[in-house]
Amino acid sequence: MPTRRKPQIASRKQPKQARSTELVATILEAAIQVLAKEGATRFTTARVAEKAGVSVGSLYQYFPNKAAILFRLQSDEWRQTTEMLRGILEDVSKPPPERLRTLVHAFIRSECDEATMRGALDDAAPLYRDAPEARAARASGDRIVCAFMQDALPKASTATRTLAGDLIKTTLAEVGKRFSESQRTPAEIKAYADAMADMFCAYLGDLERR
């Protein structure tokens, strides 16, 4: 039985002129609107092109298929998350518990602000999650968390730091996703983030005392 080919997810070409850059930005903004309204299952290049006010041929100059558009949107989201992680966790002017608390609040707010978009991208993940580009993007965030854990738990073993980092990442992602599935008020977001930050900080404090 022949192996099913995975769809190409890399962009066909990168815009080099201002006009081309604006066209790609218009396509991506239209894609966000279509994805939020239609969801991943009804997301098509034709709908994106129509929303952007461009021909499908113009869209295909930069994105060979819908998987490429979705991967670009996901890549942009990963990059923003990585920048958030780096900006907060690498700020050595603040002690690790304060950095972790800041990260939890920023992450939970982000999840709630972009719940519809993130949910749709999660639905589309099978199209690209095993691609080399996707693994590389996730690895970047993993390295930042790993460095933070070394700072937060300098006396702990590598295995303990790895376990703690994985637990925090997984809990943030899964619980943040569930929490953001319902509309939340700023007060609810703050209370939830405070409670989660307290839990993480207590956990790291206990590991540090062992």
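Helices (H or I, at least four residues) and strands (E, at least two) are DSSP runs, numbered from the N terminus. Ala 68 has its place in helix H4. Ala 68 is buried, at 0% relative accessible area, where buried means under 20%, exposed over 50% and partly exposed in between (1.4 Å probe, protein chains only). The C-alpha atoms of Ala 68 and Thr 45 are separated by 10.0 Å, and these residues are 23 residues apart along the chain.

This is a predicted model, in which local features need pLDDT of at least 70, side-chain atom pairs count only at pLDDT 80 or more, and totals for chains, interfaces and linings use all residues. Residues are numbered from 1 along each chain as its sequence is written, and side-chain values use heavy atoms, with hydrogens and water left out.

**Confidence**

The predictor's confidence in each residue is pLDDT, from 0 to 100. For the protein the mean pLDDT is 87, with 91% of its residues at 70 or more. Among the elements, the lowest mean pLDDT, 75, belongs to helix H6 (residues 115-124), and the highest, 96, to helix H9 (residues 186-209). Residues 1-5 have pLDDT below 50, and beyond near neighbours in sequence this stretch has zero contacts in the model; contact means heavy atoms within 4.5 Å.

**Helices H4 and H5**

Two packed helices are described by the angle between their axes and the distance between the axes. Helix H4 (residues 66-89) and helix H5 (residues 96-113) have axes that come within 9 Å and cross at roughly 155°. Axes are lines fitted to C-alpha atoms, for helices over the stretch in contact, and angles run from 0 to 180 degrees between N-to-C directions. H4 and H5 are therefore roughly antiparallel to each other, as angles under 35 degrees count as roughly parallel, over 145 as roughly antiparallel, 65 to 115 as roughly perpendicular and the rest as oblique. On the H4 side the contact is made by Met 84, Leu 85, Ile 88 and Leu 89, and on the H5 side by Arg 99, Thr 102, Leu 103, Ala 106 and Phe 107.

**Aromatic pairs**

Rings of Phe, Tyr and Trp (its six-membered ring) pair if their centres lie within 6.5 Å; planes under 30 degrees apart count as stacked, over 60 as edge-to-face and the rest as tilted. The count is two aromatic pairs.

| Pair | Type | Centre to centre | Between the planes |
|---|---|---|---|
| Phe 71 and Trp 78 | edge-to-face | 6.2 Å | 75° |
| Phe 179 and Tyr 192 | stacked | 3.9 Å | 20° |

The pair of Phe 179 in helix H8 (residues 158-179) and Tyr 192 in helix H9 links distant parts of the chain, 13 residues apart. Phe 179 is buried, with a relative accessible area of 6%, whereas Tyr 192 is partly exposed at 31%. Phe 71 and Trp 78 are both buried.
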